[in-house]
Amino acid sequence: MSLQRCAASHHRRQCSIRLHSLWSGRLMSPRGYSTKPRDDPRLKDLGKELYDEYAVIKEHYATPKYPIVLAHGLLGFAELHVAGGWLPAIQYWRGITDALKANGIEVITATVPPSGSIEQRAQKLADGIAKVAQDKSVNIIAHSMGGLDARYMVSHLQPKNVDVRSLVTVASPHRGSAFADYLIKEIGQTRLPSIYKIVQGLGMDTGAFEQLTRQYMTDEFNPHAPDDPNVRYFSYGAMMDNPPLLSPFRYSHGIITNLEGPNDGLVSVASSKWGSYKGTLVGVSHLDLINWTNRLSWTLRKWMGQGPTFNAIAFYLDIADMLAKEDL
């Protein structure tokens, strides 16, 4: 199946998941921050600003030498089966895995505890890679917290039968998130145990939440998770304009903007930078980055003659192309 057919087929299967985009001001402006004043000094530290570089899928992408491991973020999964298998499975990497495979890439989709600690998740990541990629070199592409899992794994738990050649992190909170700080503070230390008990009653771990604070990442995690000099590190960040009223990022975006600057609704650009920073995706949310994008918004843009400015499948194919050109 060609890349274009693979992507088109996937798009047709997807349904709108965020009706709030009907009221989004971004429908009228394809470049999220383009109408904002540039006097905020934090807007001058975005690196390369990526507006519509990944709007469409190109005819050709180079294929990297080594398999790609996809590492999911907080509360994520590789594939979720609902209704006893009567309904189609829900994929974290919506259409991305299929597109990479269509380009001749061996893809490993790792599954780790959704809300486990970084150490727990990293161990599962290492076990999953070792089981599938025996005696192979691999490239890792990680979204959100998955980047922290991968960093810890490379630093402390790298399987002996696997050679990690590169790590690409996409909107990973390398320096924590102000929204995590806010939630922990609002809940309060006295109420945290009861909240955690409820979460554990649902069969979920709770180790991740306090580890995503800025203090923990800066003072505890980063000093004890040094980079491996034999691994290439790349990163991308993203930023969106003020979310519409019904957006799940409406509140978190404002908090992070005030304390950290431009962000994608959950992770700031400043926190996303690690290793070689490849640039900031403009007008892109944390969920857009894994292709959980509102198709109704795209349809309305098309009616207005604007078209989409970001296609997650094109983005990950381009990452693979970049890795190939880096001889990885």
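Which residues of H4 are buried? In this predicted model, they are Gly 146, Gly 147, Leu 148, Asp 149, Ala 150, Arg 151, Tyr 152, Met 153 and Val 154. Several elements provide the packing partners. The buried residues of H4 pack against strands E2, E6 (136-143), E7 and E8. They also pack against helices H3 (118-132) and H8 (214-221).

The loop between E6 and H4 holds Ser 144. Phi of Ser 144 is near 55°, a positive value in a residue other than glycine. Ser 144 has a relative accessibility of 10%, under the 20% limit, and therefore counts as buried. Ala 171 also has a positive phi, near 50°, and is likewise a residue other than glycine. Ala 171 is placed in the loop between E7 and helix H5 (178-187). Its relative accessibility is 0%, so Ala 171 counts as buried.

The largest nonpolar core contains 37 residues. Within this core, Leu 281, Leu 289, Phe 315, Tyr 316 and Ile 319 touch the most other members. Five elements each supply at least two residues of the core: strand E2 (68-71), helix H2 (96-102), strand E7 (162-170), strand E8 (232-239) and helix H12 (312-325). H12 gives the most, with 10 residues. Tyr 316 shows how such contacts reach across the sequence. Residues up to four places away are not counted here. Tyr 316 then touches Trp 93, Ile 96, Leu 100, Ile 141, Val 170, Leu 289 and Ile 290. Another core, of 32 residues, lies apart from the largest one. Its members include Ala 71, Ile 108, Ala 142 and Val 162.

Charged side chains were examined next. A search of the whole structure finds 9 salt bridges. One of them joins Asp 318 and Lys 58, with the closest N and O atoms 3.5 Å apart. Asp 318 lies in helix H12, while Lys 58 lies in the loop between strand E1 (49-50) and E2, so the pair ties together parts that are 260 residues apart in sequence. Asp 318 is buried, with a relative accessible area of 16%, whereas Lys 58 is partly exposed, at 39%.

Helix H12 also contains both Asp 321 and Lys 325. Their side chains meet in a salt bridge, at 2.8 Å from N to O. The two residues are 4 places apart, about one turn of the helix. An α-helix has 3.6 residues a turn, so residues three or four places apart point the same way. Asp 321 is buried, with a relative accessible area of 6%. Lys 325, at 64%, counts as exposed.

A further salt bridge joins the side chains of Arg 165 and Asp 163, at 4.0 Å from N to O. Arg 165 counts as partly exposed, at 24% relative accessibility. Asp 163 is also partly exposed, at 35%.

Ile 195, Ile 198 and Leu 202 make a nonpolar surface patch of about 310 Å². Ile 198 is placed in helix H6 (residues 192-201). The relative accessible area of Ile 198 is 57%, over the 50% limit, so this residue is exposed.

Terms used
Residues are numbered from 1 along each chain as its sequence is written. This is a predicted model: local features need pLDDT of at least 70, side-chain atom pairs count only at pLDDT 80 or more; totals for chains, interfaces and linings use all residues. Side-chain values use heavy atoms; hydrogens and water are left out. A nonpolar core is a set of buried Ala, Val, Leu, Ile, Met, Phe, Trp, Tyr and Cys residues joined through side-chain atoms within 4.5 Å. Buried means under 20% relative accessible area, exposed over 50%, partly exposed in between (1.4 Å probe, protein chains only). Contact means heavy atoms within 4.5 Å. Patches are made of residues with over 30% relative accessible area and no salt bridge: like charges are joined within 9 Å, nonpolar side chains (Val, Leu, Ile, Met, Phe, Trp, Tyr) within 5 Å. Accessible areas come from the Shrake-Rupley method with a 1.4 Å probe; for residues, only the protein chains shown count as cover.
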